[in-house]
Amino acid sequence: MAAHDEAEADTEAVKRHRTLFRAAKRRANPPLRRTDITVTDDAAVKRAVKAASLGNAMEWFDFGIYSYLAVTIGHVFFPSGNDTVQLISSFATFAVSFLVRPIGGMVFGPMGDKIGRKKVLALTMIMMAIGTLAIGLIPSYATIGFWAPVLLIFFRLVQGFSTGGEYGGASTFIAEYAPDKRRGYFGSFLEMGTLAGYTGAAGLVLILNTALGSAAMESWGWRVPFLVAGPLGLVGLYLRLKLDETPAFQKMEDATFHAASEGASTVETTAKGDLAKIFTNYWPTLILCIALVGAYNVTDYMLLSYMPTYLSDELGYDDSHGLLILIGTMVILMLIISQVGKLSDRFGRKPLLMTGMVSFFVLSIPAFLLIKQGSLLAVSGGMLMLGLSLVCLLGTMSATLPALFPTSVRYGSLSVGYNISASLFGGTAPLVITSLISITGTDMIPAYYSMAAALVGIVAVACLKETAQKPLSGSPPSVETKQEAAELVEAAAPTPRF
């Protein structure tokens, strides 16, 4: 009898332990509820994409102007003498702005994780507009001597500092608004904005070059694109201030508030934007981000910023013809980039990114051999080969990079990683390529440089986890309809056991 009672007691103890274990498991992995899922408002998503993309276009219009006026700026702001030295001085000033981009990322990124994405994006827009407008007002070297390049460098630093908070914030903003299954499509509009900004800058410079001629451009015409930046910046600021904060950030803020109000430890929540946490806890992902962005930026700046200078200085092309070919290439990329975003939603980010990296590795030499032929058809064909390789990266990267980091540190981590890489590899690309051509005497340097970057990119993409059609880390699932939310809850429900 006693043995029977002991057996029953053991059975009850086992049942009690099982019940406690299941309860603990449910607390650790609570079932997905309808209230946990974000159902996106299509109109709000489109407003957010429009504001982020147009703002990004205006930022890169401001930034692109300098690239396309590099030769003229070299003549205006640096002592006359060797044309190559003036050009290298101009590109060195271009690269200087990238030195402070990581600092801008370290300031604006964590700030965006603490006070919100919207406020910081408005601040970066104001700073970029001020910096660009000021460059258009600086007197030439012939007028004020040494102070001309000093002031140019100072306002380039202002531009670079503001850009440090731009891409990370804008890509985070769109990624957190977009539904999970269409994040690639909506993210591609951010890079369409980049292309539109560069195209607008190149188009305006082309019109001025054609209408005014080189003498008038060096005298005063170069100032016009910079002076246009002020009003454009106000338009971008207006669009961004009209938006609400992203749903993911709002939910994170609500969760933080409730945890604090219930007496939970706030150590974790108050350190969310802390740089030490980013470098300590997320350094492997940060390195992956730097490698991806480095490969992408070298090819991006080589084609979109440096190529007009290469065509004019190395191949003797007329400035206007080089810009015209680049504008045509960018317009084609703008027409297809959203389709690339759709493809990344359907087939995954990795296949599209790998296609772009491998294409750059394989096609760079053939493309530059074509470009060196010099005929309009050959140059256009070579540029298009490079452009189609680049669009695989452009249309995919803005959805890939925000998914690397959780919501609490997304803006900060992405801004830091992106801008460290852009500073080391992207902004220095025109300067390094020009210097290497001068040292080696070979005009195939851009092809070799692109291939080296693509090789790094291939390794980075191979190490990347697929994130297409999945919720962002640290954010609830995001869907387009209530029916989709209900289906998601049903699919996540545990299967009954009988």
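**Exercise 1. A salt bridge across the chain**

The side chains of Glu 176 and Arg 410 meet in a salt bridge, with 2.7 Å from N to O. Work out which helices this pair links, and whether each partner is buried or exposed.

*Solution.* This is a predicted model.
- Step 1: place the residues. Glu 176 belongs to helix 9, while Arg 410 belongs to helix 19.
- Step 2: apply the cut-off. Buried means under 20% relative accessible area. Glu 176 has 5%, so Glu 176 is buried. Arg 410 has 0%, so Arg 410 is buried too.

**Exercise 2. Other salt bridges**

How many salt bridges does the structure hold? Describe the one between Arg 183 and Asp 180, then the one between Lys 372 and Asp 443.

*Solution.* 
- Step 1: take the count. The structure holds four salt bridges.
- Step 2: look at Arg 183 and Asp 180. Their closest N and O atoms are 2.3 Å apart. Both Arg 183 and Asp 180 are buried.
- Step 3: turn to Lys 372 and Asp 443. Their side chains meet at 3.0 Å, N to O. The pair links distant parts of the chain, 71 residues apart. Lys 372 sits in helix 17 (residues 349–373). Asp 443 sits in the loop between helix 20 (429–440) and helix 21.
- Step 4: classify Lys 372. Its relative accessibility is 36%, so Lys 372 counts as partly exposed.

**Exercise 3. Aromatic pairs**

Classify the ring pair of Tyr 167 and Tyr 418, then that of Phe 173 and Tyr 177.

*Solution.* A ring pair is described by the distance of the centres and the angle of the planes.
- Step 1: take the count. There are 10 aromatic pairs.
- Step 2: judge Tyr 167 and Tyr 418.
- Step 3: Tyr 167 lies in helix 9 (residues 166–177) and Tyr 418 in helix 19 (residues 410–426), 251 residues apart.
- Step 4: check burial. Tyr 167 is buried because its relative accessibility is 2%. Tyr 418, at 3%, is buried as well.
- Step 5: judge Phe 173 and Tyr 177. The centres are 5.3 Å apart, with 50 degrees between the planes, and the pair is tilted. Both residues lie in helix 9, four residues apart, about one turn of the helix. Phe 173 and Tyr 177 are both buried.
- Step 6: Ring pairs link Phe 77, Trp 222 and Phe 226.

**Exercise 4. At the surface**

Which residues make the nonpolar surface patch of about 410 Å²? Where is Phe 146 found? Is Phe 146 buried or exposed?

*Solution.* 
- Step 1: list the members. They are Ile 144, Phe 146, Trp 147 and Leu 151.
- Step 2: find Phe 146. Phe 146 is in the loop between helix 7 (141–144) and helix 8 (147–163).
- Step 3: apply the cut-off. Exposed means over 50%. Phe 146 has 57% relative accessibility, so Phe 146 counts as exposed.

**Exercise 5. The whole chain**

How many helices and strands are there in the chain, and what share of its residues count as buried?

*Solution.* 
- Step 1: count the elements. The chain has 22 helices and two strands.
- Step 2: take the burial. Of its 498 residues, 53% count as buried.
- Step 3: The accessible surface comes to about 21,100 Å², and 66% of it belongs to carbon and sulfur atoms.

Notes. Residues are numbered from 1 along each chain as its sequence is written. This is a predicted model: local features need pLDDT of at least 70, side-chain atom pairs count only at pLDDT 80 or more; totals for chains, interfaces and linings use all residues. Side-chain values use heavy atoms; hydrogens and water are left out. Buried means under 20% relative accessible area, exposed over 50%, partly exposed in between (1.4 Å probe, protein chains only). Accessible areas come from the Shrake-Rupley method with a 1.4 Å probe; for residues, only the protein chains shown count as cover. Patches are made of residues with over 30% relative accessible area and no salt bridge: like charges are joined within 9 Å, nonpolar side chains (Val, Leu, Ile, Met, Phe, Trp, Tyr) within 5 Å. Rings of Phe, Tyr and Trp (its six-membered ring) pair if their centres lie within 6.5 Å; planes under 30 degrees apart count as stacked, over 60 as edge-to-face and the rest as tilted.
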